[in-house]
Amino acid sequence: MSKKVKKGEKNYLDFIPVKNPDIEYETDENGIVTVFIEWKGFYHRIAQKVFRRPRVSDIKMDKYGSFIWHAIDDTKDVHQLSKEMDAEFPKMEKSLSRLIKFLEIMKDNNLIYWKGEEKK
């Protein structure tokens, strides 16, 4: 008997992450990804002037995040990404929940969006 998904409940395994094309990034010689986030908008301009906050922040990912970033190809769903991650890092505990949390954080920071959903 299969478990039914309640109406409105998200099944992340079927979601397909898509990289935000506006995000610039680079990969170093070890495959580690650094993404560059440009801070735009009125409040960010004030923070840049008053608090000397940089206009662009660079965020260096760890080896797991870099692996997932490179694996996102706009066609693989979360389930496929999870299988690739398990193959690459077989000793990682709770890999699926860690993957979903990482993707949620990337989505909250507009680094990715879900296929079929408008990007912000």
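Predicted model: local features only at pLDDT ≥ 70, side-chain atom pairs only at ≥ 80, totals over all residues.
Colleague: Let's get oriented. How many helices and strands does the protein have?

Modeller: Four helices and five strands. Reading from the N terminus, the order is β-β-β-α-β-α-α-α-β.

Colleague: Which residues of α3 and α4 meet?

Modeller: On the α3 side, Val78, Leu81, Ser82, Met85 and Asp86; on the α4 side, Ser95, Leu96, Leu99, Ile100 and Leu103. By type, the residues of this contact are seven nonpolar, two polar and one charged.

Colleague: And what makes α2 roughly perpendicular to α4?

Modeller: Helix α2, residues 63-71, packs on α4 at an angle of about 75°, with the axes 11 Å apart. The perpendicular class runs from 65 to 115 degrees, so α2 counts as roughly perpendicular to α4. Tyr64, Gly65, Ile68 and Trp69 of α2 make the contact with Arg98, Leu99, Phe102, Leu103 and Met106 of α4.

Colleague: How do the residues of the contact of α2 with α4 divide?

Modeller: Into seven nonpolar, one polar and one charged. Gly is counted as polar under this scheme, so Gly65 of α2 goes in that group.

Colleague: Now Glu84 and Lys76. How do you know that they form a salt bridge?

Modeller: Their closest N and O atoms are 2.9 Å apart. The rule asks for a Lys or Arg side-chain nitrogen within 4 Å of a carboxyl oxygen of Asp or Glu, so the pair qualifies. The count by this rule is one salt bridge.

Colleague: Why does Lys76 count as buried?

Modeller: Its relative accessibility is 19%, and buried means under 20%, so Lys76 is classed as buried.

Colleague: What about Glu84: why is that one partly exposed?

Modeller: Glu84 has a relative accessible area of 28%.

Colleague: What share of the 120 residues is buried?

Modeller: Buried residues make up 32%. On contacts, among those between residues at least 6 apart in sequence, 60% join residues at least 24 apart.

Definitions and conventions: Residues numbered from 1 in each chain as written. Heavy atoms only, no water. Contact = heavy atoms within 4.5 Å. Helix = DSSP H or I, 4+ residues; strand = E, 2+ residues; numbered from the N terminus. Buried < 20%, exposed > 50% of the residue type's maximum accessible area, 1.4 Å probe, protein only. Axes fitted to C-alpha atoms, helices over the stretch in contact; angles between N-to-C directions. Parallel < 35°, antiparallel > 145°, perpendicular 65-115°, else oblique.
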